[in-house]
Amino acid sequence: MNASSKPLLKVGIFSDIQALPSRYDWGMYNFVKALEIFKEKGVDLLVNAGDLAEGGDPETYALYWQLIEEAFPGGSPEHIACEGNHDCNGKAPFKEAFAKVCKNLRRECVNPEHRVIKGYDFITFATFDRIHYAEEELPALEKALQKAAERDPEKPVFVITHFPP
């Protein structure tokens with residue numbers, strides 16, 4: 001990109017907010033600061049790479065969406081997210097906790113989730129037990145990667161996960 005060209009896609013990436021449902025929580029305070037920067041930069045996409053809500057607290061997700069709507073009153077950028085261990089920790093079995101997190105993040109409850117945003121492929125991939133990837137889920141990831149590569153072999157594919165593979 002040269003100085004006169006416009007970026008094709010501006011992405012604001014954040015992770016590990018680990019918030020409680022309060023505007024005064026340090027995680028939410030820092031998230032609001034990040035949203036201010038993202039708005040100033042005119043991001044097209046918000047990427048949440050996990051660990052938003054301590055214990056998957058639904059009130060934290062409600063506040064999260066409220067803060068996004070307040071930061072972008074004319075309509076928020078696209079949004080994609082994956083779960084983190086803090087989102088799914090607690091006493092509930094992992095699959096139950098994962099389904100709850102997906103609902104609260106307003107995303108499809110599939111793993112991996114594959115979406116095309118502004119012509120670019122984004123794939124989120126979750127762990128199966130809060131910290132490990134399941135061998136039996138790798139073929140689904142491979143299929144999503146193949147589909148993305150076939151859709152547009154000239155563009156990169158972005159994989160979002162909370163833990164390094």
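Modeller: What follows goes from the overall fold to single residues. This is a predicted model, in which local features need pLDDT of at least 70 and side-chain atom pairs count only at pLDDT 80 or more, while totals for chains, interfaces and linings use all residues. Residues are numbered from 1 along each chain as its sequence is written, and side-chain values use heavy atoms, with hydrogens and water left out.

Biologist: Fine, so how many helices and strands does the chain have?

Modeller: The chain has five helices and six strands, where helices (H or I, at least four residues) and strands (E, at least two) are DSSP runs numbered from the N terminus. Along the sequence they come in the pattern β-α-β-α-β-α-α-β-β-α-β.

Biologist: How much of the chain is buried?

Modeller: Buried residues account for 44% of the 165 residues, with buried meaning under 20% relative accessible area, exposed over 50% and partly exposed in between (1.4 Å probe, protein chains only). Of the contacts between residues at least 6 apart in sequence, 74% join residues at least 24 apart, a contact being heavy atoms within 4.5 Å.

Biologist: Switching to charge, how many positive and negative side chains are there?

Modeller: There are 19 positive and 26 negative side chains, and the centres of the two sets lie 6 Å apart. Lys and Arg count as positive and Asp and Glu as negative, with His and the chain ends not counted, and each charge is placed at NZ of Lys, CZ of Arg, CG of Asp or CD of Glu.

Biologist: What about aromatic pairs, how many does the search find?

Modeller: The search of the whole structure finds nine aromatic pairs. Phe31 and Tyr64 form one that is stacked, at 5.2 Å centre to centre with 25° between the planes. Rings of Phe, Tyr and Trp (its six-membered ring) pair if their centres lie within 6.5 Å, and planes under 30 degrees apart count as stacked, over 60 as edge-to-face and the rest as tilted.

Biologist: Which helices does that pair tie together?

Modeller: Phe31 lies in helix 1 (residues 26-41) and Tyr64 in helix 2 (residues 58-71), so the pair ties together parts that are 33 residues apart in sequence. Phe31 counts as buried at 2% relative accessibility, and Tyr64 counts as buried at 0%. Ring pairs also link Phe31 and Tyr64 with Phe14, Phe38 and Trp65 into a cluster.

Biologist: Next, Val47 and Val11: where are they, and what do they touch?

Modeller: Val47 sits in strand 2 (residues 45-48) and counts as buried because its relative accessibility is 3%. Leaving aside neighbours within four places in sequence, Val47 is in contact with Val11, Gly12, Ile13, Phe14, Ile80 and Ile160. Val11 belongs to strand 1 and is partly exposed at 32% relative accessibility; with the neighbours within four places again left aside, Val11 is in contact with Val43, Leu45 and Val47.

Biologist: Last one, where is Gly74?

Modeller: Gly74 is in the loop between helix 2 and strand 3 (78-81), and Gly74 is exposed, with a relative accessible area of 82%.
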